[in-house]
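Dear colleague,

Please find the structure below, followed by an account of what was found in it.

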Amino acid sequence: MRVDIISIFPEYFAPLDVSLMGKARERGILDIHLHQLRDWTQDVHKTVDDTPYGGGPGMVMKPEIWGAAVDAVIGEGRAVSGEDTLPRLIVPTPSGRPFTQEVALEYAKEPWLLFAPARYEGIDSRVVAEYGARLRADEVSIGDYVLAGGEAAVLVMVEAVGRLLPGVLGNARSVADDSFAPGAMANLLEGPVYTKPPVWRGHEVPEVLLSGHHGRIARWRRDEALRRTLERRPELAARFDPESLDKHDRRVVEEFGERRSAAAPEGAPGAAFREAPEDVAD
Ligand code: JD8
């Protein structure tokens, strides 16, 4: 997969030289190209921003600079790939569609991604409109909090997509086991994990994990993952597919609901969840 990143802080992406992404690049699975946006400015001050039309705080990034940069990078990519392929343009923004594991799996199928992380108040909105007419241009957000720029979001997305590429993850772990991975129990959080020593500062490892009884261990891990999801992400639990809950799963969900209702008086937060066991069961 070819990945191009245009930014006024290309040095921000040094982390892509190390660990899993670094190895993926060494193996030629991931072909990452960093570009300095200011290389496409014309003035001595290398200006990339200007005041917002309509007034208001901050500055907006100029469309001409991004247009010149994106056109040049597309041309460079095509010159290298020799084909008339076009990249998928990805613009991080707090007002974008949520970036999820599902979106990561979709992007992992793409031959070429072009990321446009902005700074200031963002990029003049005509840039996405312009390229949206010529190629797939997505505005995405990595979460409901505000960053100072798009670079951190690009690091998150490149790692989330890069680890899904064939040959990147060792066989120690397959992406099929991932939380949020589509399949039997999509939207199930990871359960607790343990390693040696069996006792640490008086804290013991759950006995079942030392039993060697793989069936009981798998069952325990699933129960823990179910409880953790019910506790920490009720909105995910509410999306459990009833078909994929076996009798034991339903028992865990019901017990959780009973414990929750016992703990939480009428109308308390989470009370709404109490209802779930019924509609899960049928
Ligand atoms: C791109 C500029 C900062 C945003 C004024 C603060 C993504 N989940 C996310 N949170 N924040 C971003 C994000 C923030 C960005 C840019 C992404 C470019 N900023 C701006 C608007 C309000 N400042 C993000 N993905």
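P197 is found in the loop between α5 and β8, helices and strands being DSSP runs numbered from the N terminus (helices H or I, at least four residues; strands E, at least two). The peptide bond that leads from K196 to P197 is cis, with omega near 5°. The loop between α5 and β8 (199–200) also holds N187. With a relative accessibility of 13%, N187 counts as buried, the classes being buried under 20% relative accessible area, exposed over 50% and partly exposed in between (1.4 Å probe, protein chains only). N187 and D241 are 54 residues apart in sequence, and their C-alpha atoms are 9.6 Å apart in space.

Please note that this is a predicted model, in which local features need pLDDT of at least 70 and side-chain atom pairs count only at pLDDT 80 or more, while totals for chains, interfaces and linings use all residues. Residues are numbered from 1 along each chain as its sequence is written, and side-chain values use heavy atoms, with hydrogens and water left out.

Y120, in the loop between β6 and α4, has a positive phi of about 60° although it is not a glycine. Its relative accessibility of 36% makes Y120 partly exposed. R201 lies in the loop between β8 and β9 (203–204) and, while not a glycine, has a positive phi near 50°. R201 is exposed, with a relative accessible area of 71%.

In soluble globular proteins, nonpolar side chains tend to be buried together.

As for aromatic pairs, rings of Phe, Tyr and Trp (its six-membered ring) pair if their centres lie within 6.5 Å; planes under 30 degrees apart count as stacked, over 60 as edge-to-face and the rest as tilted. The count by this rule is three aromatic pairs. One of them, Y12 with F13, is tilted, at 5.9 Å centre to centre and 55° between the planes. Y12 is partly exposed at 34% relative accessible area, whereas F13 is buried at 1%.

Finally, which residues lie nearest the centre of the second largest pocket? They are P92, T93, P94, E121 and G122, among 27 lining residues. β5 (88–98), α4 (126–132) and β7 (137–141) each supply at least two residues of this lining, and the largest share, five residues, comes from β5.

Key. 1 Å grid on protein atoms, 1.4 Å probe; cavity = no way out; pocket = protein on both sides within 12 Å on 5 of 7 lines; lining within 4 Å.
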